[in-house]
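Have a look at the model first.

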Amino acid sequence: MVNALTTATAERVPPSTRSAGRAVDGRARTRRHQAVVAYLFLAPTLLFFAVFLILPLGFALLLSLSRWSGFELGGIHLVGTDNFAGLFTDGSAFLAPILTNTLLFALGTVVLALAGSVLVATCIDNLRFQGLWRTLYFLPIVTTVVAVGNVWKYMYEPGGLVNGVLNALGLGSVAFLQDPDTALPSVVVVHAWASVGSAILVLTAGLKSIPGSYYEAAALDGAGPVTVFWRITLPLLRPSLLLVCVTQLISGLQSFALITVMTKGGPGDATDVAALEMYRQAFSYGHWGPASAAAFVLFVVVLAVTLVQLWIFRRKEEDV
């Protein structure tokens with residue numbers, strides 16, 4: 001009786017409805033097949049990120065909550081948030097001068113690199129042989145940090161090129177890397193100089209994307225170069241400026257190699273930054289817990305500063 005009713009019901013279903021249902025089932029099977037193939041192609045990349053990103057990140061989080069000397073995995077002892085609390089105790093040097101130096105270093109790098117790259121990119125945009133000039137300014141990027149740091153280190157010496165120029169101008173010699181008051185600004189100048197090349201490429205591309213009709217209209221209205229720069233060029237460069245600011249700030253907050261080559265954190269702790277202190281705590285002293293905790297604190301600082309930059313630029317875009 002049931003079979004008869006089922007057969008009768010199936011006979012009453014229009015053929016178009018049955019074909020539509022089969023088409024839907026076919027499309028669903030096709031999508032499932034495509035998803036399986038896509039995940040198979042993505043498997044090597046996902047495995048790479050799991051092995052070299054997710055697992056180290058999880059292990060670093062475990063170490064930040066533990067005490068470990070870096071030798072045997074069985075020697076890991078959980079201590080909770082003691083490592084984080086130790087970074088902010090009264091006797092800790094993490095907030096001052098280490099984190100303070102890190103923020104000052106990053107801020108100085110952003111200001112100098114951004115101002116220099118905007119000026120140079122604007123000048124290059126009005127010159128002939130633009131490719132040649134961009135290549136020359138990009139050379140420090142492809143040069144190793146060790147080479148750049150050592151060259152500038154010798155230039156900063158009392159008998160080096162920089163002091164030679166000062167002496168020729170009738171000024172006295174300056175102990176750039178030996179004086180705690182001038183060591184950090186001196187390294188900031190080198191880092192900004194070495195990173196200007198990449199910023200110039202970004203800003204040059206931004207300048208090329210500005211329609212020439214804006215400049216033609218400004219010229220017809222009698223606008224001067226300064227007015228054109230502040231009213232047309234700079235506002236339309238805002239996306240490129242945002243990219244340069246974010247990348248330069250992250251690079252400055254994570255700086256390690258240049259300071260290691262030029263000052264090793266000295267004199268005293270005048271140029272001691274977070275990345276250098278993390279390296280010392282982990283590889284020199286065997287304090288992997290505090291080093292991992294400092295790494296997560298630095299991550300939070302980088303994230304917070306980046307989000308603030310994005311918020312400021314978006315507010316400015318809404319006001320335009």
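## Rings and overall build

Phenylalanine 283 counts as exposed, at 56% relative accessibility; the cut-offs are under 20% relative accessible area for buried, over 50% for exposed and partly exposed in between, using a 1.4 Å probe and protein chains only. Before going on, note that this is a predicted model, where local features need pLDDT of at least 70 and side-chain atom pairs count only at pLDDT 80 or more, while totals for chains, interfaces and linings use all residues. Residues are numbered from 1 along each chain as its sequence is written, and side-chain values use heavy atoms, with hydrogens and water left out.

Across the whole structure, a search turns up 12 aromatic pairs. Rings of Phe, Tyr and Trp (its six-membered ring) pair if their centres lie within 6.5 Å; planes under 30 degrees apart are stacked, over 60 edge-to-face, and the rest tilted. Phenylalanine 256 and tyrosine 279 form a tilted pair, 5.3 Å centre to centre with 50° between the planes. That pair links distant parts of the chain, 23 residues apart: phenylalanine 256 sits in the loop between α11 (238-253) and α12 (257-262), and tyrosine 279 in helix α13 (residues 274-284). Phenylalanine 283 and tryptophan 288 pair up edge-to-face, at 5.1 Å centre to centre and 70° between the planes.

| Residue | Relative accessible area | Class |
|---|---|---|
| Phenylalanine 256 | 27% | partly exposed |
| Tyrosine 279 | 39% | partly exposed |
| Tryptophan 288 | 23% | partly exposed |

Now for the whole chain. It has 14 helices and two strands, taken as DSSP runs numbered from the N terminus (H or I, at least four residues, for helices; E, at least two, for strands). How does the radius of gyration look against a compact globule? The chain has 29 Å, whereas a compact globule of 320 residues would be near 20 Å; the radius is taken over C-alpha atoms, and the globule rule is 2.2 Å times the number of residues to the power 0.38. Along the principal axes, the C-alpha atoms fill a box of roughly 110 × 75 × 35 Å.

Of the 320 residues, 33% count as buried. Among contacts (heavy atoms within 4.5 Å) with a separation of 6 or more, 64% come from residues 24 or more positions apart.
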